Amino acid sequence: MALIEAAGLAIEFPLYHHNARSLKQRILASSPLRLRKDEDNRIVVAALRDLSFTIRSGERVALVGPNGAGKTTLLRTVAGIYEPVAGQLSVTGEIGSLIDPAAGMDSLLTGRENVVLRALYRGMTEAAGRALAEEVAGFAGLGDFLDMPIRGYSAGMNVRLAFAMATAMTPEILLMDEWFLAGDAEFMTKAEERLARLVTDAEILLIATHDNAIVRKWCTRAIRLEGGRITADGTVAEILGEAPASDGVD
Ligand SMILES: Nc1ncnc2c1ncn2[C@@H]1O[C@H](COP(=O)(O)OP(=O)(O)OP(=O)(O)O)[C@@H](O)[C@H]1O
């Protein structure tokens, strides 16, 4: 059973800037509690502060909140990209990650080679990887581009490949940034069908978004982050209420 549990989770980034002092003053003015000095006397930004939550199998959770609230940082932390500086995070279940399209891809390899390589990392045989590449090819609709190095792909092609690959592997936990749902109309129709199947089988969906229509369509629960903290956690109706389609910050 897939499960994500966080207790007192905190993520910080050191602030590197040639003029960190004045930057600090400016950020302090707008967000007085978000900067501090760590044990090594470095100024750090508290990207996530004291987060505690449990996400269980069957939940489809939206991370909502203004720019800089910490939504993507939380996705990346659950994906294992960032190490918490405090608190605990426990993630049970195989993760499919649609956060950074080129992450984990080798730009010198072709789309097909990347799919096979990813399959091998996951412990599949090469034959199974090749079969998976065919499946991904059919869905992503990249045509001959599938056999070209991905450094020549457009941004849209990268998204198609990443989306097709992540969803073909039916992860138990799917982590997604909203712009994976912003493809062209034809692709999105296909993608939505696939996503619907995936979120029915896959156990947890965690998506960062500003688009309330996406939250209402896909999610059962919403967690609101502000300034790196959870300020609300509840059903979509409780968190969004009568809010309009977008929170207007993007
Ligand atoms: N790699 C990094 N290095 C330094 N600071 C970072 C890094 N990533 C995020 N931050 C800081 O952490 C905070 C949270 O950023 P994050 O990108 O998670 O917000 P977000 O809610 O996803 O915003 P948006 O809606 O704009 O995508 C911000 O103050 C940001 O500047």
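By class, how many nonpolar, polar and charged residues does the shell around the ligand have? The points below begin with that matter; please keep in mind throughout that the model is predicted.

1. The shell around the ligand. Sorted by class, this shell has five nonpolar residues, six polar residues and one charged residue. The residues that surround the ligand are Phe13, Val45, Ala47, Gly65, Asn67, Gly68, Ala69, Gly70, Lys71, Thr72, Thr73 and Ala208. Strand 3 (43–56) and helix 2 each supply at least two residues of the shell. Helix 2 gives the most, with three residues.

2. Helix 2. This helix covers residues 71–78 and is mostly covered, seven of its eight residues being buried. The buried residues are Lys71, Thr73, Leu74, Leu75, Arg76, Thr77 and Val78. Among them, Lys71 and Thr73 also belong to the residues that surround the ligand. After helix 2 comes Gly80, which has a positive phi, near 90 degrees.

3. Four strands form an open sheet in the order 2-3-1-5, and their pairing is antiparallel. Strand 2 (35–37) and strand 5 (86–92) stand at the edges with a single partner strand each, so one side of each has no neighbour in the sheet. On average, neighbouring strands of this sheet are turned by 40 degrees against each other, when direction is ignored.

4. Strand 1 (residues 3–14) pairs with strand 5 in the antiparallel sense, over six bridges.

5. The largest nonpolar core. Which residues of this core touch the most other members? The core has 65 residues, and those with the most such contacts are Leu63, Met165, Leu206, Ile207 and Ala222. Helix 5 (residues 155–168) gives the most to the core, with eight residues.

6. The surroundings of Ile207. When its neighbours within four places in sequence are left aside, Ile207 is in contact with Ala62, Leu63, Met176, Glu178, Ile214, Trp218 and Cys219. One of these partners, Leu63, is also listed among the core residues that touch the most other members.

Definitions and conventions. Residues numbered from 1 in each chain as written. Predicted model: local features only at pLDDT ≥ 70, side-chain atom pairs only at ≥ 80, totals over all residues. Buried ≥ 20, exposed ≤ 12 C-beta atoms within 10 Å, placed from the backbone. Core = buried A, V, L, I, M, F, W, Y, C linked by C-beta atoms within 7 Å. Contact = placed C-beta atoms within 7 Å. Near = placed C-beta within 6 Å. Nonpolar A, V, L, I, M, F, W, Y, C, P; charged D, E, K, R; others polar. Pairing = 2+ DSSP bridges. Axes fitted to C-alpha atoms, helices over the stretch in contact; angles between N-to-C directions.
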